[in-house]
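Welcome, and please have a look at the chain below before reading on. The notes after it are meant to be read with the structure open beside them.

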Amino acid sequence: MKTVLIVEDDLINARVFSKILTKRGGLGVKHTEDVEEVIKIAQAGEADLILMDVSLSRSIYQGKSVDGIKITQMLKSDPQTANLPVILVTAHAMEGDRENFLKQSGADGYISKPVVDHQQFVDQIMALLPKN
């Protein structure tokens with residue numbers, strides 16, 4: 001079973017994503033907003049894809065406040081985790097945000113919140129999951 005790591009500081013969103021992915025996608029789900037835990041899970045190969053909230057209000061790494069863009073950059077610059085697909089999830093869906101966020105972070109995909117079409121949400125994730 002494939003596992004999606006949800007990095008999200010809003011517990012309601014995390015629960016909604018989790019339910020959609022397990023019920024509709026048949027996927028395993030982990031959830032954390034702890035940056036060190038995200039990196040540990042990624043490096044250990046315990047996730048097949050990461051759903052990354054762009055604006056993590058409480059995430060701190062090495063004493064500094066970090067957002068989903070920064071965490072994605074860290075994962076993408078580490079040879080051990082560079083190939084792990086990351087999909088950004090954000091409520092900041094203004095014109096041009098998608099391209100900016102993808103370019104800045106190196107992420108593999110972008111989904112805007114709120115997620116209305118559950119099947120499309122699952123399809124977007126399934127499309128980026130490694131096939132093996």
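What follows is a short tour of this predicted model, grouped by topic.

**Overall build**

- The chain has five helices and seven strands, and from the N terminus on its elements follow the order β-α-β-α-β-β-β-α-β-α-β-α.
- A compact globule of 132 residues would have a radius of gyration near 14 Å, and the chain, at 13 Å, agrees with that.
- Taken along the principal axes, the C-alpha atoms fill a box of roughly 35 × 35 × 25 Å.
- Buried residues make up 45% of the 132 residues.
- Among contacts with a separation of 6 or more, 63% are between residues 24 or more positions apart.
- The accessible surface of the chain is about 7,100 Å², and carbon and sulfur atoms account for 50% of this surface.

- Strand β1 (residues 3-7) is largely enclosed by the rest of the structure, because five of its five residues are buried.
- In a regular strand, side chains alternate between the two faces of the sheet. In β1, Thr3, Leu5 and Val7 point one way while Val4 and Ile6 point the other way, and all are buried.
- On one side, have a look at strand β2 (residues 28-31), which runs parallel to β1 and is joined to β1 by four bridges. Ile6 has His31 in β2 as its bridge partner.
- Between these two strands the chain passes through helix α1 (residues 11-23), and this β-α-β crossover from β1 to β2 is right-handed.
- β1 also pairs with β3, again in the parallel sense and over four bridges; here Val7 stands opposite Met52.

**The annotated aspartate**

- Asp53 belongs to strand β3 (residues 49-53).
- Its relative accessibility is 3%, so Asp53 counts as buried in this model.
- Leaving out residues up to four places away in sequence, Asp53 touches Val7, Glu8, Asp9, Gly68, Val89 and Lys113. Val7 is one of the buried residues of β1, and Gly68 is one of the buried residues of α3.

**Helix α3**

- Is helix α3 (residues 68-77) largely enclosed or largely open? It is largely enclosed by the rest of the structure, because seven of its ten residues are buried.
- The buried residues of α3 are Gly68, Ile69, Ile71, Thr72, Met74, Leu75 and Lys76.
- An α-helix has 3.6 residues a turn, so residues three or four places apart point the same way.
- The cover over the buried residues of α3 includes α2 (35-43), β3, β4 (60-61), β6 (86-90) and α4 (97-105).

**Backbone details worth a check**

- Most residues other than glycine have a negative phi, and most peptide bonds are trans.
- Gln62 is found in the loop between β4 and β5 (64-65).
- With a relative accessible area of 61%, Gln62 is exposed, whereas Asp53 is buried.

Conventions. Residues are numbered from 1 along each chain as its sequence is written. This is a predicted model: local features need pLDDT of at least 70, side-chain atom pairs count only at pLDDT 80 or more; totals for chains, interfaces and linings use all residues. Side-chain values use heavy atoms; hydrogens and water are left out. Buried means under 20% relative accessible area, exposed over 50%, partly exposed in between (1.4 Å probe, protein chains only). Contact means heavy atoms within 4.5 Å. Two strands pair if DSSP finds at least two bridges between them. A crossover is right-handed if, with the strands pointing away from the viewer, the path from the first strand over the helix to the second runs clockwise. The radius of gyration is taken over C-alpha atoms; the globule rule is 2.2 Å times the number of residues to the power 0.38. Accessible areas come from the Shrake-Rupley method with a 1.4 Å probe; for residues, only the protein chains shown count as cover.
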